[in-house]
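Subject: A structure for you to explore

Hi there,

Here is the structure I promised to send you. Please open it next to this email, and then read on for what turned up in it.

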Amino acid sequence: MSDLYELQLVWELGDTVPSDVLDELRWHLGLPQDTEALTGRDGNIDQEPLLDGKGPARRIDGTLSGELVRGRHGWSLTARQERHAEELPELCALLNRLAAVSHGTGPVGQLRHYEDDIPDLLVNDSGAVVRRLLRPDDSGCVPFLTGLA
């Protein structure tokens, strides 16, 4: 059994995202950016990109993608990636940095263990991303989530 997860993001970040956060996000997506802002004092980036997968997925089927686009209402992020459980703390930190500077609250994506049928909902809840479990109750129905925008 593998500790692989499918991450899907569909996130309207808004138009107030600071340039240093956009540069970090571009780096994670494998897009051109100012790498000087992402390097430490020794000139090395300490981690691997988290959203740069492109092409066929290895274990979750489908394709991997990641895009950042500026539209009428600001920046929009759409991504589908395979991530290992060991990368989840770095992923969580990135998503929380985005949540802290994005507008609005509500669902921004989902995270699913590759062997599970039901994903967990990722929600921007007042500047932090929280994971809401969508698990069936004893009747086999997914309970209604209250308090989501």
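The protein chain has 2 helices and 7 strands. Going along the sequence, the order of these elements is β-α-β-β-β-α-β-β-β. Please keep in mind that this is a predicted model.

The chain has 149 residues, and 40% of them count as buried. Its accessible surface is about 8700 Å², with 49% of that belonging to carbon and sulfur atoms. Among contacts with a separation of 6 or more, 54% are between residues 24 or more positions apart.

Now to the charged residues. Side chains of opposite charge can pair when their charged atoms come close. How many salt bridges does a search of the whole structure find? The search gives 7, and three of these pairs are described here.

Start with Glu6 and Arg112, whose side chains meet in a salt bridge with an N to O distance of 2.8 Å. This pair links distant parts of the chain: Glu6 sits in strand β1 (residues 4-14), while Arg112 is 106 residues away in strand β5 (residues 106-113). Are these two residues buried or exposed? Glu6 has a relative accessible area of 4%, so it is buried. Arg112 counts as buried too, because its relative accessibility is 14% and the cut-off for buried is under 20%. There is also a network of salt bridges here, linking Glu6, Arg80 and Arg112.

The next pair is Asp23 and Arg26, with a salt bridge of 3.5 Å from N to O. Both residues are in helix α1 (residues 19-29), and because they are 3 residues apart there, about one helical turn separates them. Asp23 and Arg26 are both buried.

Then there is Asp120, which forms a salt bridge with Arg131, the closest N and O atoms being 2.8 Å apart. Here again the pair links distant parts of the chain, with Asp120 in strand β6 (residues 120-124) and Arg131 in strand β7 (residues 129-132), 11 residues apart. Asp120 is buried at 2% relative accessibility, whereas Arg131 is partly exposed at 41%.

Next, have a look at Ser102, in the loop between α2 (88-101) and β5. Its relative accessibility is 12%, so Ser102 counts as buried. What does the side chain of Ser102 reach at 3.5 Å? That would be the backbone oxygen of Ala99. A polar contact of 3.1 Å also joins the side chains of Ser102 and Asn124. Leaving aside residues up to four places away in sequence, Ser102 touches Trp11, Leu13 and Asn124.

Asp61 has a phi near 70°, a positive value in a residue other than glycine. You will find Asp61 in the loop between β2 (55-56) and β3 (63-71), and it counts as exposed at 57% relative accessibility. Ser126 is not a glycine either, yet it has a positive phi of about 60°. Ser126 lies in the loop between β6 and β7; with 68% relative accessibility, it counts as exposed.

Best wishes

How values were computed
Residues are numbered from 1 along each chain as its sequence is written. This is a predicted model: local features need pLDDT of at least 70, side-chain atom pairs count only at pLDDT 80 or more; totals for chains, interfaces and linings use all residues. Side-chain values use heavy atoms; hydrogens and water are left out. Helices (H or I, at least four residues) and strands (E, at least two) are DSSP runs, numbered from the N terminus. Buried means under 20% relative accessible area, exposed over 50%, partly exposed in between (1.4 Å probe, protein chains only). Contact means heavy atoms within 4.5 Å. Accessible areas come from the Shrake-Rupley method with a 1.4 Å probe; for residues, only the protein chains shown count as cover. A salt bridge is a side-chain nitrogen of Lys or Arg within 4 Å of a carboxyl oxygen of Asp or Glu. A polar contact is a pair of N or O atoms within 3.5 Å; within protein, one must be able to donate a hydrogen and the other to accept it, and residues adjacent in sequence count only if both atoms are side-chain atoms.
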